[in-house]
Amino acid sequence: MKQKNDASKPATKRIAVIPGDGIGKEVIPQAVRVIQASGATVEFTEFDWGADRYLRDGTTVPPDGFAMLARDFDAILVGAFGDPRVKTNIHAKEILLGMRFQMDLYANVRPVRLLDAGLCPLKNVEPKDVDFVVLRENTEGVYTDAGGVFKRGTPDEIATQEDINTRKGVERIIRYAFEYCRSHEKLDGSPRSQVLMCDKSNAMTHAGGLWQRAFKEASAEHPEITAQHMYVDALCMQMVRDPRQFDVIVTNNMFGDIITDLAAGLQGGLGMAASGNIHPGRTSMFEPVHGSAPPIAGKNIANPFGAILAAAMMLRHLGLTREPDKIEAAVLEAVRQKKSTQDIGGNLGTREAGEGVAENVCL
Ligand code: NAD
Ligand code: IPM
Ligand code: MN
């Protein structure tokens, strides 16, 4: 049961925590500790969904797991899924893509922010130059895994992987992008003003055509917002050449996946990037952009800041402001002081970097 709002006491937010595999199990405890240090009124419930459990008893998501998350929790904080022992990656598909698809978390919001000039591999780029967001369609595209294999293992083998694009799915993420642009400011307080749709409609004419038409229709309803377009290949080049030109980017599931790893590179690497998987009004899920990073797992070297920033995004989504503000400022301070892991120039371990942020939050 949701608690009633009462002016004297903030309602406790119920958070489901799913650390998952690999470094997910190291960075998520740091995110949890920082939320606790922020004083946010939350209650955590941890779930062991992931490779260990799958290898133990063959289960990925318990029966009614997604309905339970939607019913009993205000938000979900997730680490990462992927384990070399599970060659098929079936557990990641069922848990991570399961959450995105079955809970219809259609907007994958991936902010791209440079916290310190020293983190960006590009020359002469300052924090104000990298402040955009990628809104990735999160429930369809090639990720639906529609298609199949015919005459498997023969010289005549055929494999198809369908790119599913529905009018509803394309329209809602494009509309989300215009609404996001209208309602969000840049970090310097200036208004957002441009939505850029990224596709490959010069080659993928059917799906691209639908995206083009839906984008044109939505942009006509928002004359105050500049509508732009780039092919995904050109966009990759432009992102590296001049990230200043981007504001709000909207794209399909696969292109959004690829360009956000590239964009993470602008922020200092995958350890710095956060994301939300959102369906407005429903229980939504927050996670770092990175994966389970098996080669560095269990060594206390993974950067926890992406996970911590995802936790701040989650709290903001839940309507809190003071706590996420404090957490983001604490991460910024830790980056500046180099109280961080090695990937971004510090010499701390995962736990120690998390502890440093928690201390900054309490200052
Ligand atoms: P990855 O993101 O795990 O790692 C890519 C590179 O970034 C590696 O060099 C890794 O060491 C580095 N890296 C990632 N996170 C880091 C962090 N927090 N701190 C420091 N360095 C970090 O991607 P991958 O290697 O392609 O995939 C590994 C596994 O993770 C695969 O099973 C993949 O399917 C899975 N994966 C899961 C998710 C998810 O659950 N959301 C996302 C991406 C990949
Ligand atoms: C991500 C990941 C996933 C994706 C994988 C693990 C299926 O790369 O969250 O970015 O492609 O969406
Ligand atoms: Mn990815």
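Me: What conventions apply to the model and its numbering?
Reply: The model is predicted, and local features need pLDDT of at least 70, side-chain atom pairs count only at pLDDT 80 or more, while totals for chains, interfaces and linings use all residues. Residues are numbered from 1 along each chain as its sequence is written, chains are lettered from A and ligands numbered from 1 in the order in which they are written, and side-chain values use heavy atoms, with hydrogens and water left out.

Me: What makes the pair of Tyr-106 and Tyr-176 edge-to-face?
Reply: Rings of Phe, Tyr and Trp (its six-membered ring) pair if their centres lie within 6.5 Å; planes under 30 degrees apart count as stacked, over 60 as edge-to-face and the rest as tilted. A search of the whole structure finds six aromatic pairs. For Tyr-106 and Tyr-176 the centres are 6.1 Å apart and the planes stand at 85 degrees, so the pair is edge-to-face. Tyr-106 lies in the loop between α4 (90-102) and β4 (107-113) and Tyr-176 in helix α5 (residues 167-183), so the pair ties together parts that are 70 residues apart in sequence. Helices (H or I, at least four residues) and strands (E, at least two) are DSSP runs, numbered from the N terminus.

Me: What kind of aromatic pair do Phe-132 and Phe-246 form?
Reply: Phe-132 and Phe-246 form a tilted pair, with 5.6 Å centre to centre and 55 degrees between the planes. Phe-132 belongs to strand β5 (residues 131-137) and Phe-246 to the loop between α7 (232-241) and β10 (248-251), 114 residues apart. Both Phe-132 and Phe-246 are buried. Elsewhere, Phe-47, Trp-49, Phe-66 and Phe-73 form one aromatic cluster.

Me: What places Arg-136 over the face of Tyr-143?
Reply: A charge sits over a ring if NZ of Lys or CZ of Arg is within 6 Å of the ring centre and within 35 degrees of the ring normal. Arg-136 lies over the face of Tyr-143 at 5.1 Å from the ring centre.

Me: How is strand β12 known to be mostly covered?
Reply: In β12 (residues 284-288), five of its five residues are buried. Ser-284, Phe-286 and Pro-288 point one way, and Met-285 and Glu-287 the other way. In a regular strand the side chains alternate between the two faces of the sheet.

Me: What makes β12 a paired strand, and with which partners?
Reply: Two strands pair if DSSP finds at least two bridges between them. Strand β3 (residues 75-80) pairs with β12 in the parallel sense over three bridges, and Ile-76 has Met-285 as its bridge partner. Four bridges join strand β11 (residues 274-278) to β12 in the antiparallel sense, with Ala-274 partnered by Pro-288. β11 and β12 form a hairpin with five residues between them.

Me: What makes a set of residues a nonpolar core, and which residues have the most contacts inside the largest one?
Reply: A nonpolar core is a set of buried Ala, Val, Leu, Ile, Met, Phe, Trp, Tyr and Cys residues joined through side-chain atoms within 4.5 Å. The largest has 85 residues, and those with the most contacts inside it are Phe-132, Leu-135, Ile-174, Ile-249, Val-250 and Phe-305. Helix α9 (residues 305-317) gives the most to this core, with ten residues. A second, separate core of 19 residues includes Phe-66, Val-78, Met-99 and Met-285.

Me: How do Asp-64 and Asp-104 stand out in phi, and how is each classed by accessibility?
Reply: Most residues other than glycine have a negative phi. Phi is near 65 degrees in Asp-64 and near 55 degrees in Asp-104, both positive values in a residue other than glycine. Asp-64, in the loop between α2 (51-57) and α3 (65-72), has a relative accessible area of 62% and is therefore exposed. Asp-104, in the loop between α4 and β4, has 16% and so counts as buried.

Me: Why is Gly-291 called partly exposed?
Reply: The relative accessible area of Gly-291 is 35%, so this residue is partly exposed. Gly-291 lies in the loop between β12 and α9.

How values were computed: Buried means under 20% relative accessible area, exposed over 50%, partly exposed in between (1.4 Å probe, protein chains only).
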